[in-house]
Amino acid sequence: MAISLLLFINSCSTKKNTWTRRAYHNVTCHYNVYWNGMVSLDEGISLLQEKVVDDYNKVLRVANYGTKADATIVNPKMDRTIKKASIGIQRHSMSFGGKEYVKWVKDSYLMMGIAHFYKQDYTSARRVFDYVAKEYESTPISYEAILWLARTFIQTERYEKAEASLNLLQSKLKDENFPRNVEKEIPIVYADFYIARGDYNSAYPYLERGLELATDNNIITRIYFILGQISQLDHEYNKAMAYFSKVVKKNPPYKMAFEAQMNIAQCYGEGSGDSKQINKVLLKMAKEDKNKEYLDQIYYALAQIATSDSKDTLVIYYLKKSVSTSVSDPVQKTTSSLELADIYFDDGVYQNAQAYYDTAAMSLPKDYPDYDKIMNKTTVLSQLVVQIQTIALQDSLQTIALLDTADLYTMVDSLIANYEKEQEKIAEERENGGGTQFVDMTRNKPGQPLGGGWYFDNPTALGRGRTEFIKKWGDRKLEDMWRISDKRSMMQSFEEDLTDEEEITQSDSVIMVVTNPRDRAFYLQHIPRTPEQLAVSDSLIIDAYNLLAYLYYEDLKDTTLALDTYTEFQKKYPDNKYRLESWYALYKIYTGYGNSEEANFYKGLIVSNYPESNYAKVLLDPDYFIKLSQQLNEAAKLYEKTFKAFNREQYYRVITYSDQAVDLYPDDTALMPKFLYLRAISLGAVDVADTLYSSLISLVQQYPTSSVAPMAKSVIKTLQVEYGIGLPEGATAASLEATTRESIYKFNAEEMHLVLIVVKSEDVNISALKVRISDFDKKYFRLKRLRVKSLMLDDLHTIITIGNFDSKDEAGNYLLALQNDEYVVSGLQNKDFEVYSISASNYPLFYRDKDIEMYKEFFENNYGRD
């Protein structure tokens, strides 16, 4: 390029006319601009190559252009390239008679398109490449543009157009001016096209042809690796090892060399069946400091070899090591965790399975195979573990409650001493640079304490377990351990990270919670001493047993553990409130086992004790549910007639049909509220408004959670506001509403506030949301030192709190900024969520009542004015 420029300048310098001087000026200036643009382009490509990370768990692409996030790093370089190209084209183009006399103009166009491509602005790139291909048709640069078009179509998954572009180039290979560099790259782009589509066998011959033509050492090394991967997938292990060995000899970056060695090890074991040598190689690699970052992969490879050798114990050992040593490869950690979880799940060791499914779920991408199935298992097992822990905790507490004071204090003092030793050990490990290992849970039968011992052996678990137990306790007295001014049940503290002693204020009650594991009170405060406390403890165990058995039977289909759990449940708590459901489950399990004697025993219990239940009816009449279904169909048909009459304003007919439904289908809780609602509205049309009001009040009282209850409440409110119906004499709806509101929440703009986010638990990844909020706080509110906490509000909702703010206005400013931050709300798009600010005194009331709508109304009236 430089020689051509010098020759052109030489020829121009002997001429004196104006055109020549202009040409000389344009050519030299454009060359300088073009050269600066190319330098910037090359620098950007180098930056990208340093940034991109290959996923060695998949067959590599021939070209890795990185993610959209990676591309943002090269934007400044590429923007400079585009700017230089634009300047050169606009200022120095010399086109006469349809011919461009400055060759670097068309080169600038191509350079501009390549810069757009590396920015991953594929629309702009495609337009530029398309322009160059058509504008300079049949010139060498047009072939380059078509090749870049093919790359662009591959990146945008427009595979038909990519293939058409490549086929077009293939058909023009014999053209006289076809560029040699394009000819060398066609097989490589073809190979990348097939790999992108997952058609590895079709890519193979193009990779081999690419090797013959390639001169770039990095490309050659990468092709060797890909050929090795494809050969390994095809179980051609000797060929794969040969390619991976060539990779190592090429002295590639360490990560690729390590992966090649790992694949050689796997191929060696799979191909030869001799695991001794390969185990020796891998264990040697595990001892080398340079492989510390890759220990998870080494141990995973050892686990695969152990699987081939049918050494189940070793498989579990190495998979555990793989998970516990994983520090920078979430894909490997997920893979190892899932395999280990599946092993435990298949063996019925559900607590261990839950722990590893939970680990995998933290980084499991949504496009992972069987994603929904894995997440469902995780959810079910998490519920199961909670029930086992609840039973273990309450059993231990009740056992401890039977000890005399001397024995109890001796045991607690021993726990404190053990805790002190454990803390010293942890501190020593930290000083020596040691890390915390992944905690593996041992299998427990229902009712046994975790770890096979007292629950108090683990102060951390004790701290986690106290919330559910304490918040449900009522009248409690623990000598000098508690200072309480009323008998209300305890709720979650305003601040989660309590110090040695934390004062929790709930309206007019104050509870002192001891949170220091070095204090006797930390262990003694949870022990149920009174009959009332024991009753609450029993109720927790009963609920946990019922749900645990149900999960075993219905969700996990493990009839063995379900039978054990139901049997133990009935033995320990024969008069529990779930005995009817438990008896029916036991009847079904024994029937499935073919044990008619036991099945008939539980059938007799159901029929004699609960003759009017659906369970008894279906046992006595197997067609009961068929008949019930027919009855429900009849009710549905009657409702359809009633609704049609209502739409036709045939109100007397609606009232008649609804009265029939009340007589015929009183137990149909789904349709009955709807009948009553239509009846009430029809009465309002043909009778006085008071009749409508009383009918709706009756409906809401009888079916408060029905689908028509909100509509009924809305009509009731309208009747109160517009007609004053149902209000005390002299009162208005507004005054009544205000009185009700003030009795619950109090507004104080200068009080300390929190920002409160309410989300549906199953819709939102709570941990990820908290991370995004923390990142937001560090970026925009670093000086505030805000704390982000999360807490289950009820079965459906989780609340996240951010605080503390000195006033309502300060919290409001934060709330506004948070709602408008795309990064934070990215995980909440299309989700059902609410964001409020709430005062320190109102927060405990909100958590106690759990009425989101009520607080929303208070918030809108008091905070929505600004």
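**Group meeting: notes on a predicted chain**

Let me start in a loop: Asp558 is found between helix 22 (531-555) and helix 23 (559-572). Helices here are DSSP runs of H or I with at least four residues, strands are runs of E with at least two, and both are numbered from the N terminus. This is a predicted model, in which local features need pLDDT of at least 70, side-chain atom pairs count only at pLDDT 80 or more, and totals for chains, interfaces and linings use all residues. Residues are numbered from 1 along each chain as its sequence is written, and side-chain values use heavy atoms, with hydrogens and water left out.

Is Asp558 buried or exposed? Its relative accessibility is 14%, so Asp558 counts as buried. The cut-offs are under 20% relative accessible area for buried, over 50% for exposed and partly exposed in between, with a 1.4 Å probe and protein chains only. The Asp558 side chain reaches the backbone nitrogen of Leu561 at 3.1 Å. A polar contact is a pair of N or O atoms within 3.5 Å; within protein, one must be able to donate a hydrogen and the other to accept it, and residues adjacent in sequence count only if both atoms are side-chain atoms. Setting aside neighbours within four places in sequence, Asp558 is in contact (heavy atoms within 4.5 Å) with Tyr350 and Tyr552.

Another buried residue is Phe522, with a relative accessible area of 3%. Phe522 is found in helix 21 (residues 520-524). From Phe522 to Ile416 is 106 residues in sequence, but 9.9 Å in space, C-alpha to C-alpha.

Next, helix 10, residues 217-233. Its 17 residues should span 24 Å at 1.5 Å a residue, and the end C-alpha atoms are 25 Å apart, which agrees. The expected span is 1.5 Å times one less than the number of residues. Of the 17 residues, 13 are buried, so helix 10 is largely enclosed by the rest of the structure. At its start, a side-chain oxygen of Asp216 comes to within 2.8 Å of the backbone nitrogen of Asn218. Just after helix 10, His235 has a positive phi of about 65°.

Helix 30 (residues 689-702) has 14 residues; the span should be 20 Å and the end C-alpha atoms are 20 Å apart. Which of its residues are buried? They are Leu692, Tyr693, Ser695, Leu696, Leu699 and Val700. An α-helix has 3.6 residues a turn, so residues three or four places apart point the same way. The buried residues of helix 30 pack against helix 29 (672-686) and helix 31 (709-723).

Now the strands. Seven of the eight residues of strand 5 (residues 753-760) are buried, so strand 5 is largely enclosed by the rest of the structure. Strand 5 runs antiparallel to strand 7 (residues 797-805), joined by seven bridges; pairing requires at least two bridges found by DSSP. Leu756 stands opposite Thr801 in strand 7. Strand 5 also pairs in the antiparallel sense with strand 8 (residues 833-839), over seven bridges, with Leu754 opposite Ile838.

Last, confidence. pLDDT is the predictor's confidence in each residue, from 0 to 100. The chain mean is 80, and 80% of residues reach 70 or more. Over residues 1-27 the pLDDT is below 50, and this stretch has 26 contacts beyond near neighbours in sequence. Where pLDDT is low, the predicted coordinates should not be read in detail.
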